Each structure stands twice: as C-alpha cells, then as structure tokens.
Amino acid sequence: MGGLMARPKVDYDRIAPEYDQRYAAGTNTLRGEALLALAVGLHADRILEVGCGTGHWLAAIGSVAQGLVGLDLSSGMLHQAQQRRGPWGLVRGYARRLPFEGDSFDLVFCVNALHHFERPRTFVHEACRVLRSGGALAVVGSDPRERGDSWYVYDYFAGTYEADLRRFPAWETVAGWMAATGFERIARVDVERIHDPKCGRAVLDDPFLSKTACSQLALLTAEDYAAGLDRIQVDLARAEARGQALVFRTDLSISMLAGYRAER
Ligand SMILES: C[S@@+](CC[C@H](N)C(=O)[O-])C[C@H]1O[C@@H](n2cnc3c(N)ncnc32)[C@H](O)[C@@H]1O
C-alpha cells in the first residue's frame, strides 16, 4: 500500500460535551438491534467497540456481554462514556494499535468511526489479530457514494460532499481489506434508513445543523460554515416570498459490513 493519506482531524475533546445531541431524537435504535443480534448469534461475551465515543452503542448492547470494552482516542469522549457508569471498561488508544493480546474478543465493532481512523486498513488487521477464530468484525456506517441517498448538508455547505468522498472508504474497499486480512463470509446489510426531512424553517432547529453536531460541519472553517447557513437563509426567504415551503432532505442508508475471522 502507498503512504498515509492525510486526514483532517475533528477535535472530539471539544465536541464531547455536545456530541450526544445527535441521539436526542431517539431515532438510532436499529443499529443497536443489528449489533445485538450479531452479538447474540456469536454468543459473544467479550466485545470491543473501537471509536466508542460517548458510549452510546456500548449502552445499547451492554446487556449481553460480560467483558465489554470501549476504546477511543479522545479523553473527552471517554469522559462522557465514563459518566454513563455502564458495565464496560474504557481504554484510551489508537485503532491502528489495539492494546490487547490476540484472541481477546468474540466481536469487534465500530460505528460511524472508520472514516476517522488515520489507518483504517491497519485497524482491520488489528481487529483480525485480537479476534478469536470465528469471531466477527462489524463496521457500521454510511458511504457517501450510496445511490439514492441525499443530505441537504452536502448541498448547502461547499466542499462537504467532496471531502466525504475522500474521507470515507467505499464499502467495497473495506470488504476487500477484510478479505485480504483473513475474514470470510463478508456481507453487508442495510440496517437503518434515516429519513428525516425538514420543512421550511424547521431546518434551523435540526440538531445536525449545529457546527459541532457532525464531522462534516465541524471540519469547516467558521466562514465556510456561516456561508452555508446564509445559503439556507436565502433559499428559505426566496421560497417564502413565493409562498412555498422548502423541504430539506435527509435520506441516508446505514449499513453493517460484517466478516468472520477464518480459522488460524
Ligand atoms: C463520530 S464519533 C463515533 C462515536 C461512536 N461510535 C458513536 O457512533 O456515537 C468517532 C469517534 O472515533 C474516535 N476516533 C477518531 N480517531 C480515532 C483513532 N485513530 N483511534 C480510536 N478512536 C478514534 C473519535 O475520538 C470519536 O469518538
């Protein structure tokens, strides 16, 4: 493989206190159910979430495992996860160098985090190393290349879509890394569809429109962020002048790509 691709960094220590605003609407249960079903099917007792953030998904599957561990690079995010006081251990570390022995886990998963790892392919290798034979790696998230998806954030904030094409590996790429690393029975399933249109000025109350709510906006300069908000305001005013209400679309598919570690 070639050299490291420079990845823009989101400052999760700063975002941590507000991060869970994205879960306020309570629309994120299906991802948790898919992870739970996978864990139950594997009789997984030892589970690792990499890029666990504030522990939302640890809490979602906390009931099934005796040995649940969350790993994250951001101490601010880990502090939030700690505040939940759930049945899990927390470790600060890098996805590219998991601080665990081989055969430590039955299931390793990450949610909306792979595109933040500076070496996502190395993470796949590391997940393979720390899994037992037959254990599973599950990567949950989205791919901006997905046909049929739309998100008004990409339309109004210049450069966000192009940046995501650079940041997010395609599902096929991740599946290829898994196959080359020693995973088998690799399959992707759609686990959730986020359909959350905002009509007219309701868009201004969308929690995802805040600068710290998603990495696409957090990575923008203050000027570029303000310019995007201005574009929304201009379009709202124009539509209102015509007696129309604009619809701002959020229609995103969330998939889970899972593979099972082949026998050593
Ligand atoms: C978008 S958040 C997702 C958090 C959580 N999985 C969720 O879905 O709510 C991405 C997380 O990945 C973490 N992260 C970024 N780079 C990392 C790395 N190299 N190793 C481990 N964690 C990392 C960030 O600190 C952040 O908490």
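Why does His 115 count as buried? Select this residue to begin: His 115 counts as buried because its relative accessibility is 9%, where buried means under 20% relative accessible area, exposed means over 50% and partly exposed lies in between, with a 1.4 Å probe and protein chains only.

Before moving on, keep in mind that this is a predicted model, in which local features need pLDDT of at least 70 and side-chain atom pairs count only at pLDDT 80 or more, while totals for chains, interfaces and linings use all residues. Residues are numbered from 1 along each chain as its sequence is written, and side-chain values use heavy atoms, with hydrogens and water left out.

**Around His 115**

His 115 sits in the loop between strand 4 (105–111) and helix 5 (120–130); helices (H or I, at least four residues) and strands (E, at least two) are DSSP runs, numbered from the N terminus.

**Salt bridges**

The whole structure contains 17 salt bridges, each being a side-chain nitrogen of Lys or Arg within 4 Å of a carboxyl oxygen of Asp or Glu. Select Arg 31 and Glu 192, which form a salt bridge whose closest N and O atoms are 3.3 Å apart. This pair links distant parts of the chain, with Arg 31 in helix 2 (residues 29–42) and Glu 192 in strand 7 (residues 183–195), 161 residues apart. Both Arg 31 and Glu 192 are buried.

Go next to Asp 143 and Arg 145, where the closest N and O atoms of the salt bridge are 2.6 Å apart. Here Asp 143 counts as buried at 4% relative accessibility, whereas Arg 145 is partly exposed, with a relative accessible area of 35%.

At Lys 198 and Asp 196, the side chains meet in a salt bridge of 3.2 Å, N to O; Lys 198 counts as buried at 16% relative accessibility, and Asp 196 as partly exposed at 29%. Then select Asp 149, Arg 193, Arg 249 and Asp 251 together, which salt bridges with shared partners join into one network.

**Aromatic rings**

The count of aromatic pairs comes to ten, taking rings of Phe, Tyr and Trp (its six-membered ring) as paired if their centres lie within 6.5 Å, with planes under 30 degrees apart counted as stacked, over 60 as edge-to-face and the rest as tilted. Show Tyr 23 and Trp 57: their ring centres are 5.8 Å apart and their planes stand at 90 degrees, so the pair is edge-to-face. Tyr 23 lies in the loop between helix 1 (12–15) and helix 2, and Trp 57 in helix 3 (residues 56–61), 34 residues apart. Tyr 23 is buried, with a relative accessible area of 12%, and Trp 57 counts as buried at 3%.

Phe 117 and Phe 123 are also edge-to-face, because their planes are at 65 degrees, with the ring centres 5.2 Å apart. Phe 117 is buried at 10%, and Phe 123 counts as buried at 0%.

As a last stop, select Arg 96, which lies over the face of Tyr 94 at 4.2 Å from the ring centre; a charge sits over a ring if NZ of Lys or CZ of Arg is within 6 Å of the ring centre and within 35 degrees of the ring normal.
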